[in-house]
Amino acid sequence: MERTLIIIKPEGVQRGLIGNVITRFEQRGLKFVGLKLIHITPELAEQHYGVHKGKGFYAGLVKHITSSPVVVGVVEGPKAITIVRTSMGATNAAEALPGTIRGDYALEIGFNIVHGSDGPETAIQEINLFFKPEELVDYS
Ligand code: DAT
Ligand code: MG
């Protein structure tokens with residue numbers, strides 16, 4: 001079993017895609033063990049996107065993710081990290097295949113609807129950044 005962090009970004013919330021994105025992960029078979037609506041602070045955004053510091057798009061990325069509320073969730077399942085990434089589609093929405101979230105709902109890299117952790121270590125870091133242990137449920 002793996003756990004991974006997902007974020008429905010400001011444009012996803014504003015466009016009314018919360019239910020749709022959650023449904024896609026649920027229908028894939030993943031279980032939500034954490035879920036909340038929050039407004040990300042600049043401090044939290046800088047921690048979350050710290051790996052991109054120094055890149056040309058960093059300032060815009062932080063500004064955008066803090067611009068309005070987002071949904072953050074933790075999903076669980078076998079190979080959850082890879083399954084979320086492949087369900088999301090390519091980072092650059094122009095290259096994302098139809099059938100993926102980005103391929104069905106996004107046009108631009110800067111408005112690509114959804115975030116998913118990119119590996120086992122970042123998944124643990126990102127889950128701990130956004131959720132306290134007591135905010136995560138256990139179905140077993
Ligand atoms: P992903 O979100 O697929 O993990 P990433 O970690 O490389 O992609 O980048 C994080 C986010 O930053 C991405 O979802 C959108 C934005 N981004 C990445 N590369 C960009 C670029 N060249 N121009 C503008 N925004 C970019
Ligand atoms: Mg990433």
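1. With a nitrogen-to-oxygen limit of 4 Å between Lys or Arg and Asp or Glu side chains, the count of salt bridges comes to three. Please keep in mind that this is a predicted model, and that the distances quoted below are therefore those of a prediction.

2. One of these salt bridges joins the side chains of Glu76 and Arg3, with 2.7 Å from N to O. Since Glu76 belongs to strand E3 and Arg3 to strand E1, the pair ties together parts of the chain that are 73 residues apart in sequence. Arg3 has a relative accessibility of 30% and so counts as partly exposed.

3. Another salt bridge is formed by the side chains of Arg24 and Asp104, at 2.8 Å from N to O. This pair links distant parts of the chain, with Arg24 in helix H2 (residues 18–28) and Asp104 in helix H6 (residues 101–105), 80 residues apart. Arg24 counts as partly exposed at 24% relative accessibility, and Asp104 also counts as partly exposed, at 35%.

4. The side chains of Lys36 and Glu135 meet in a salt bridge as well, at 3.2 Å from N to O. Here Lys36 lies in strand E2 and Glu135 in the segment after H7, so that distant parts of the chain, 99 residues apart, are linked. Glu135, at 32% relative accessibility, counts as partly exposed.

5. In what order do the strands of the open sheet lie? The four strands are arranged as E2-E3-E1-E4, with antiparallel pairing. Strand E2 (31–38) and E4 stand at the edges and have a single partner strand each, which means that one side of each is left without a neighbour in the sheet. From one strand to the next, the twist averages 15°.

6. Helix H7 (residues 120–130) lies across E1, E2, E3 and E4, and runs at about 60° to E1.

7. Which residues of helix H4 (residues 58–65) are buried? They are Tyr58, Leu61, Val62, His64 and Ile65. These residues cover an arc of only 165° around the axis, and therefore lie on the same side of H4. The face turned away from that buried side carries the exposed residues Ala59 and Lys63. As for what the buried residues of H4 pack against, their partners are E1, helix H1 (10–14), helix H3 (42–48) and E3.

Terms used:
Residues numbered from 1 in each chain as written. Chains lettered and ligands numbered in written order. Predicted model: local features only at pLDDT ≥ 70, side-chain atom pairs only at ≥ 80, totals over all residues. Heavy atoms only, no water. Pairing = 2+ DSSP bridges. Helix = DSSP H or I, 4+ residues; strand = E, 2+ residues; numbered from the N terminus. Axes fitted to C-alpha atoms, helices over the stretch in contact; angles between N-to-C directions. Contact = heavy atoms within 4.5 Å. Buried < 20%, exposed > 50% of the residue type's maximum accessible area, 1.4 Å probe, protein only. Arc of directions from axis to C-beta.
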